[in-house]
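Here is a short tour of one protein chain, written to be read with the structure open beside you.

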Amino acid sequence: MRETRLIMISPASGVTPDQVTRTIHTYGKRVVVKESCYGAVLEGEREIVREVIAEVRKLDPNGIFTKVRAFHAGDPRRCRAHHGTRPGFAQLEQEWNDLWKIHFGLDRAEKGERANDRKVRKKLSVMEFKKICEVK
């Protein structure tokens, strides 16, 4: 059974869509991969797609996410090259914009920190600020 998945990279990640697609190509697996502005579209046999995703997530385990895509790569109903429509793009864009929060939370959790463990910064007094500004 074939599966198409979106690979989305957190905006806070140092990994680029180009790196993801090039890395996938180096695996030599029988998949179709298409670079996109938010990551990539990956398509192939379900087992192979899952293997590739597991490998590519090693580039940034907390910053690379995937989800199932209903239409295959290049589907003329959705592909702009075929003048397809782009419904759902606003939703996808919002999800992508929020990934940095999940990325940040996963990084903190990995370090054993909890949400309430954050250090509260004290406010900087005007005098301290002036001292900082006047340093030569």
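Predicted model: local features only at pLDDT ≥ 70, side-chain atom pairs only at ≥ 80, totals over all residues.

Leu 124 sits in the loop between H3 and helix H4 (126–134). With a relative accessible area of 47%, Leu 124 is partly exposed.

Now step back to the chain as a whole. It holds 4 helices and 4 strands, and along the sequence they follow the pattern β-α-β-β-α-β-α-α. Of its 136 residues, 30% count as buried. The accessible surface comes to about 9800 Å², and carbon and sulfur atoms account for 55% of that. If we take the contacts between residues at least 6 apart in sequence, 63% of them join residues at least 24 apart.

**Helix H2 and its cover**

Helix H2 spans residues 46–56, and Val 49, Val 52, Ile 53 and Val 56 are buried in it. Seen down the axis of H2, its buried residues fall within an arc of 100°, so they line one face of the helix. What lies over the buried residues of H2? The cover includes strand S1 (2–9), helix H1 (17–26), strand S2 (31–36), strand S3 (39–45) and strand S4 (64–68).

**Charged pairs**

Side chains of opposite charge can pair when their charged atoms come close.

| Salt bridge | N to O distance |
|---|---|
| Arg 5 and Glu 3 | 3.5 Å |
| Glu 3 and Arg 46 | 3.1 Å |
| Lys 29 and Glu 51 | 3.2 Å |

Let us take the pair of Glu 3 and Arg 46, whose side chains meet in a salt bridge. Glu 3 lies in strand S1 and Arg 46 in helix H2, so the pair ties together parts that are 43 residues apart in sequence. Glu 3 is buried, at 5% relative accessible area, whereas Arg 46 is partly exposed at 30%. Arg 5, the partner of Glu 3 in another row of the table, counts as buried at 11% relative accessibility.

Lys 29 and Glu 51 also meet in a salt bridge. This pair links distant parts of the chain, with Lys 29 in the loop between H1 and S2 and Glu 51 in helix H2, 22 residues apart. Lys 29 is partly exposed, with a relative accessible area of 39%, and Glu 51 is partly exposed at 41%. Which residues do salt bridges with shared partners join into one network? They are Glu 3, Arg 5, Arg 46 and Arg 50.

Asn 62 is found in the loop between H2 and S4. Is Asn 62 buried or exposed? Its relative accessible area is 10%, and because buried means under 20%, Asn 62 counts as buried. Its side chain makes a polar contact of 2.8 Å with that of Asp 107. Beyond its neighbours within four places in sequence, Asn 62 is in contact with His 103, Leu 106, Asp 107 and Glu 110.

Arg 108 belongs to helix H3 (residues 89–110). At 17% relative accessibility, Arg 108 counts as buried. A polar contact of 2.2 Å joins the side chains of Arg 108 and Glu 113.

Technical notes: Residues numbered from 1 in each chain as written. Heavy atoms only, no water. Helix = DSSP H or I, 4+ residues; strand = E, 2+ residues; numbered from the N terminus. Buried < 20%, exposed > 50% of the residue type's maximum accessible area, 1.4 Å probe, protein only. Polar contact = N/O pair within 3.5 Å; in protein donor to acceptor, adjacent residues only side chain to side chain. Arc of directions from axis to C-beta. Contact = heavy atoms within 4.5 Å. Areas by Shrake-Rupley, 256 points an atom, 1.4 Å probe, with all protein chains shown as cover. Salt bridge = Lys/Arg side-chain N within 4 Å of Asp/Glu carboxyl O.
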